[in-house]
Amino acid sequence: MLDFLGTKQRTHTCGELRTAHAGQTVTIMGWVNRRRDHGNLIFLDLRDRYGMTQVVLDKDLSPDGHAKAEQARPEYVICATGAVRERGKDAVNPKMPTGEIEIAASELLILNDAKVPPFSPAEEAIGNEEVRLKYRYIDLRRPEMQHNFEVRHKVALAVRKYLSSQGFFEIETPFMTRSTPEGARDYLVPSRVHPGEFYALPQSPQLFKQILMISGMDRYFQIARCFRDEDLRADRQPEFTQIDLEMTFPQQETVFRVVEGFLAAAFKAVGIALPTPFPQITYDEAMRRFGIDKPDLRLPGLTDVREAFTVGQLETLAIDPALPIVAVRVPKVGELSRKEREDNRPLFDMRKGAKLIDDLKRLEKTFPEVVAKVRAAADANEHDLLVIVAGDPTHHIRASDTKLTGRLSEREIAVLSAAGNLRVELAKKYADRHGCFGVTDAVVGDPERETGLVEGSRAFRPIWVTDFPMFEYDEAEQQWMPAHHPFTSPHDEDMDRLVSDPASVRARYYDLAMNGLELGSGSIRIHRQDVQQEIFRALGMSDEEAKTRFGFFLEALQYGTPPHGGIALGLDRLVMILAGATSLREVIAFPKTAKAIDLMVDAPTPVSDAQLRELHIRPTKQ
RNA sequence: GGGGACGUAGUUCAGUUGGUUAGAAUGCUGCCCUGUCACGGCAGAGGUCGCGGGUUCGAGCCCCGUCGUCCCCGCCA
């Protein structure tokens with residue numbers, strides 16, 4: 001029943017034939033997307049990565065081919081040879097790029113059959129992720145998935161090309177290494193040769209890339225796999241890919257220009273113009289204006305409306321005059337009903353003393369002039385949703401005024417971040433009303449879009465967030481902790497306050513945010529041994545402890561370390577944004593479930609006792 | 001570790017207050033069909049209602065447990 005391929009060769013893909021090919025005899029191969037059987041006339045849609053082409057089997061023209069086509073079923077692998085024929089006017093399918101032609105097959109080979117698939121790649125929407133992941137090879141046949149991986153490939157290629165053009169070497173670093181100072185749990189690899197000892201899979205190539213700078217490699221990059229044994233989210237997988245780079249003698253701006261360069265190149269590769277340079281904002285300003293350290297610029301920011309209130313009014317309304325009072329505006333959402341407001345309450349975090357005024361109509365009855373001022377300040381019209389977030393003066397639990405993070409107090413941050421999160425949550429909930437998020441899908445969701453840059457697209461809004469605080473106060477441990485890894489350099493002019501006022505010390509640390517997602521983060525590193533020691537001491541770490549934990553690196557630092565810095569960007573997240581997807585699973589070929597299981601290969605699994613014995617491992621019983 | 005949603009035909013789902021034989025669409029199988037493109041027509045097959053226990057005369061539906069998928073919190077410097 002099945003045919004041998006013999007010496008047949010594919011002459012064209014299923015996506016490239018046009019009317020210009022009419023008259024040519026061609027051979028195409030692909031999967032049966034759909035079969036339409038009209039008795040003596042059978043249509044087969046052949047699908048491959050490049051597209052779909054209609055093959056016609058006419059019993060008069062090719063009785064053998066027609067007989068084969070009768071046996072063909074969805075997902076059978078077919079080889080069709082025949083003449084390209086322009087379709088009659090009434091037979092043109094304007095929905096298909098190849099819809100003006102068809103192949104009048106003179107010969108049809110069934111190269112392979114297929115079991116009835118659990119779902120069809122030809123179907124538009126499929127829900128069950130469990131089935132999709134188990135039969136991932138079928139899921140990946142879907143045009144949407146193939147498009148996602150085309151985007152992923154083009155982005156990676158553009159990044160490589162650009163960085164290479166800027167003098168960066170792509171250098172690999174080990175997968176089997178030792179635990180590094182990152183904060184996540186390690187995946188461990190037992191050593192057979194060294195009983196009881198383990199390698200760790202890298203959470204990032206952080207220390208290796210710094211050592212490459214010490215090694216004089218000048219500019220390094222890597223599209224690097226990273227591993228972190230933490231619980232998953234829609235935007236977090238246990239193994240993920242970073243565009244990792246490091247350079248010698250940079251200013252912060254030097255790093256920014258490089259990243260802007262390769263991102264612009266990557267976006268251009270998928271047909272989108274990304275204007276550079278990207279805007280910048282300090283951490284403090286981001287918190288004040290957006291209530292979050294990864295602002296989504298597609299939405300209006302928070303508005304400071306303190307001035308709209310008199311001291312007396314604040315007292316009547318039980319609002320803390322010392323804390324920020326901000327308006328959250330969501331365009332075009334309109335007034336909410338009492339029930340809608342009720343439903344939205346869980347979106348607001350009042351645990352740390354923030355308070356929400358979500359019924360401006362009611363407030364307007366008592367204080368019409370206040371509401372008028374708030375509306376004016378927030379630039380709101382009657383079609384916008386507007387709420388006010390302020391501080392609750394009766395709330396003094398835990399949050400303190402004295403322990404500062406940067407120049408904002410913990411209580412100020414509590415109010416601002418409650419407002420900032422509400423802003424994002426409301427926008428997500430009413431996305432279909434304000435339409436600020438919609439453009440993304442329209443721009444890149446169309447696999448057929450091949451040409452034409454979307455000039456200055458407002459769908460993708462990157463922003464640098466700079467000057468993060470160097471330290472965070474850990475309430476549980478009652479001590480200052482590095483907000484990032486301990487090799488991040490503080491600002492030169494903040495150095496003298498390391499001990500006296502750690503809260504005010506700014507790090508030369510930066511994030512790149514896009515559309516409310518953290519795309520990447522980096523820093524200018526510490527390159528001097530004496531500074532590094534000071535930082536460790538500021539963190540309450542003894543010289544001995546530092547030596548045990550990072551000895552090899554501290555040693556390396558002493559052999560002529562140049563100033564250096566870099567950044568790492570999440571490739572998966574970047575592609576996710578470009579693909580308009582909401583989960584990393586849509587842009588990772590073989591992802592894991594929320595419980596870190598690979599449903600296709602069924603991993604992890606128990607291993608044999610012999611294997612464990614060899615590795616000197618004895619599992620503990622539950 | 002915690003919270004929430006979901007689990008019924010291959011797939012997507014419906015299933016009333018707990019009541020007789022669990023439905024639809026699609027897919028699948030067979031037959032018919034020479035211009036379809038989500039082809040159409042006729043006929044048919046297809047169910048451990050995730051799993052285990054309980055309540056009840058009677059459970060897809062109620063209760064307890066458990067497993068799985070997804071989302072969130074914690075966690076992820």
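**Entry: ground rules**

I note that this is a predicted model, in which local features need pLDDT of at least 70 and side-chain atom pairs count only at pLDDT 80 or more, while totals for chains, interfaces and linings use all residues. Residues are numbered from 1 along each chain as its sequence is written, chains are lettered from A and ligands numbered from 1 in the order in which they are written, and side-chain values use heavy atoms, with hydrogens and water left out. Helices (H or I, at least four residues) and strands (E, at least two) are DSSP runs, numbered from the N terminus.

**Entry: Ala376**

I asked how open this residue is, taking buried as under 20% relative accessible area, exposed as over 50%, and partly exposed as in between (1.4 Å probe, protein chains only). Ala376 counts as exposed because its relative accessibility is 58%.

**Entry: chain A as a whole**

I counted 18 helices and 23 strands in chain A, and its C-alpha trace spans about 90 × 75 × 55 Å along the principal axes. Of the 622 residues in chain A, 50% are buried. The accessible surface comes to about 30,800 Å², with 51% of it belonging to carbon and sulfur atoms; such areas come from the Shrake-Rupley method with a 1.4 Å probe, and for residues only the protein chains shown count as cover. Taking contact to mean heavy atoms within 4.5 Å, I found that 69% of the contacts in chain A between residues at least 6 apart in sequence join residues at least 24 apart.

Strand 13 (residues 326–330) and strand 15 (residues 385–391) run antiparallel and are joined by five bridges, and Val326 stands opposite Val389 in strand 15.

For the helix angles, axes are lines fitted to C-alpha atoms, for helices over the stretch in contact, and angles run from 0 to 180 degrees between N-to-C directions.

I traced another open sheet, of eight strands in the order 6-9-10-23-22-21-18-11, and its pairing is mixed. Strand 6 and strand 11 (280–282) are at the edges, each with a single partner strand, so one side of each has no neighbour in the sheet. Strand 11 runs parallel to strand 18 (residues 462–466), with three bridges between them, and Ile281 has Val465 as its bridge partner in strand 18. Helix 7 (residues 283–290) packs on this sheet, touching strand 11 and strand 18, and its direction makes about 90° with that of strand 11.

How many residues of strand 23 are buried? I found seven of the seven buried, so strand 23 is largely enclosed by the rest of the structure. His564, Gly566, Ala568 and Gly570 point one way from strand 23, and Gly565, Ile567 and Leu569 the other way. Strand 10 pairs with strand 23 in the antiparallel sense over seven bridges, with Glu246 opposite Gly566; strand 22 also pairs with strand 23 in the antiparallel sense, over five bridges, and there Ser521 has Ala568 as its bridge partner.

**Entry: Thr177 and Tyr199**

I placed Thr177 in the loop between strand 6 (169–170) and strand 7 (188–190). Thr177 is buried, because its relative accessible area is 11%. Leaving aside neighbours within four places in sequence, Thr177 is in contact with Tyr199, Ala200, Leu201, Pro202 and Phe208. Tyr199 itself is found in strand 8 (residues 198–200), and it counts as partly exposed because its relative accessibility is 32%.

Conventions: Pairing = 2+ DSSP bridges.
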